[in-house]
Amino acid sequence: PGWFSEISPMWPGEAHSLKVEKILFQGKSDYQDVMVFQSSTYGKVLVLDGVIQLTERDECAYQEMITHLPLCSIPNPKKVLVIGGGDGGVLREVARHSSVEQIDICEIDKMVVDVSKQFFPDVAVGYDDPRVTLHVGDGVAFLKAVPEGTYDAIIVDSSDPIGPAQELFEKPFFETVARALRPGGVVCTQAESIWLHMHIIEGIVANCRQIFKGSVNYAWTTVPTYPSGVIGFMLCSTEGPSVDFKNPINPIDKDDSSFKRPLKFYNSEIHSAAFCLPSFAKKVIESK
Ligand SMILES: NCCCN[C@H]1CC[C@H](NCCCN)CC1
C-alpha cells in the first residue's frame, strides 16, 4: 500500500517509482540494506540500499544481455567467472551455453544469495547448475588469487559506484580482470546509463582502452525499472584472437526447446543493435 521511489544522488532530481502491494523482507547485511517487495505491476522487486536491482517483470533484459553479449562473441566459452550477480540471474543465462564447463561466481554479500533463493526462485535457479561454484567474498581479492589467463569470459554484474561495488569501477580492478583472462578472453561489465553517467562512462572507457588491447565497445539496452530506462555494458577483449562483439558468432536465439525456458529478450539482431549509439554518446565513447 503506497509507492516505493528510487531516490539517489546518483540520479539527482529524478526518481522512478513502483506501486507497492506488500513488503516481503527487510534486512541489513554486513554491506547494505536489503529489501524485497511485491509490486503491483512488476512482480517482486529486489532493492539494495534503496536502489532497484531487479524486478521479476524486466530482469530478463539485463541478465540476458549482460551474459549473451560476451558469450555469443567468442567460440566455445569454457570457463566463466561472474563477479557480483548474487541473485543468480546471470548464472541462469551462462548455463544456457553447452560449451561452458566451469562457472565461478564471487558475490560479497551472502544475504543477497539467500534472499534471492527465497523470493526469486526463477532467478536463483542459476545456482542449481552443477557447473556453478559460489565464492562469498570480495571480487578484487578473488581475482588477485586466480592464476593468470584462467577464464574465457568474466561478467561483472555489479551494483553502482556508490556502495560495496565502488572499487569495481576503478582501474586496478580492470587490471586484475585482464590478468585473469586468457588471450582473446572477454569481459562484460555493468556500465551505467548514457543519459545519467556519461562522465563515469568516459572514465571507464579511457581505463579500458589502456588495459584491454583487443576490442573495447559500449553496448546498451532498455530496462524500464532502472533510472532513465536504459543500462549499458562495457565489452572488452584482451590481446589475442580478435573478437568482433558486434556480430555474434554463436547466436542462441534459435528457439531451442532444450532450454527449460526460452530467451525472453536476447536475439542476434538485438545483439548487434545494442552497439548502435546516439551521437552524444558515440562522440564521447568512440573518441577515447
Ligand atoms: N543481476 C542484477 C543486478 C543488477 N545490477 C545493477 C543494479 C543497480 C542498477 N542501477 C542502475 C543505475 C542507473 N544506471 C544497475 C544494475
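1. How many nonpolar, polar and charged residues does the shell around the ligand have? By class, the counts are 6 nonpolar, 6 polar and 4 charged residues. The model is predicted, and every value below was computed from it.

2. The ligand is surrounded by 16 residues. Q63, D87, D157, D160 and E192 are the closest of these. Two elements that each supply at least two residues of the shell are strand β5 (51-55) and helix α1 (59-71).

3. For D160, a polar side-chain atom lies 2.8 Å from a nitrogen atom of the ligand. For E192, the distance between an N or O atom of the side chain and a ligand nitrogen is 2.9 Å.

4. On its own, the ligand has 440 Å² of accessible area, and the protein covers 99% of it. The place where the ligand sits is the largest cavity.

5. A separate point concerns aromatic rings. The whole structure contains 6 aromatic pairs. One of them joins Y62 and F233, with 5.8 Å from centre to centre and 45 degrees between the planes, and the pair is tilted. Y62 belongs to helix α1 and F233 to strand β12 (residues 230-237). The two residues are 171 residues apart, and the pair links distant parts of the chain.

Definitions and conventions:
Residues are numbered from 1 along each chain as its sequence is written. This is a predicted model: local features need pLDDT of at least 70, side-chain atom pairs count only at pLDDT 80 or more; totals for chains, interfaces and linings use all residues. Side-chain values use heavy atoms; hydrogens and water are left out. A residue is near a molecule or strand if one of its heavy atoms lies within 4 Å of it. A polar contact is a pair of N or O atoms within 3.5 Å; within protein, one must be able to donate a hydrogen and the other to accept it, and residues adjacent in sequence count only if both atoms are side-chain atoms. Accessible areas come from the Shrake-Rupley method with a 1.4 Å probe; for residues, only the protein chains shown count as cover. On a 1 Å grid over the protein atoms alone, a cavity is a set of points where a 1.4 Å probe fits but cannot get out, and a pocket is an open set with protein on both sides within 12 Å along at least five of seven lines; lining residues have an atom within 4 Å of a point. A molecule sits in a cavity or pocket if more than half of its atoms lie within 2 Å of its grid points. Helices (H or I, at least four residues) and strands (E, at least two) are DSSP runs, numbered from the N terminus. Ala, Val, Leu, Ile, Met, Phe, Trp, Tyr, Cys and Pro count as nonpolar, Asp, Glu, Lys and Arg as charged, and the others, Gly among them, as polar. Rings of Phe, Tyr and Trp (its six-membered ring) pair if their centres lie within 6.5 Å; planes under 30 degrees apart count as stacked, over 60 as edge-to-face and the rest as tilted.
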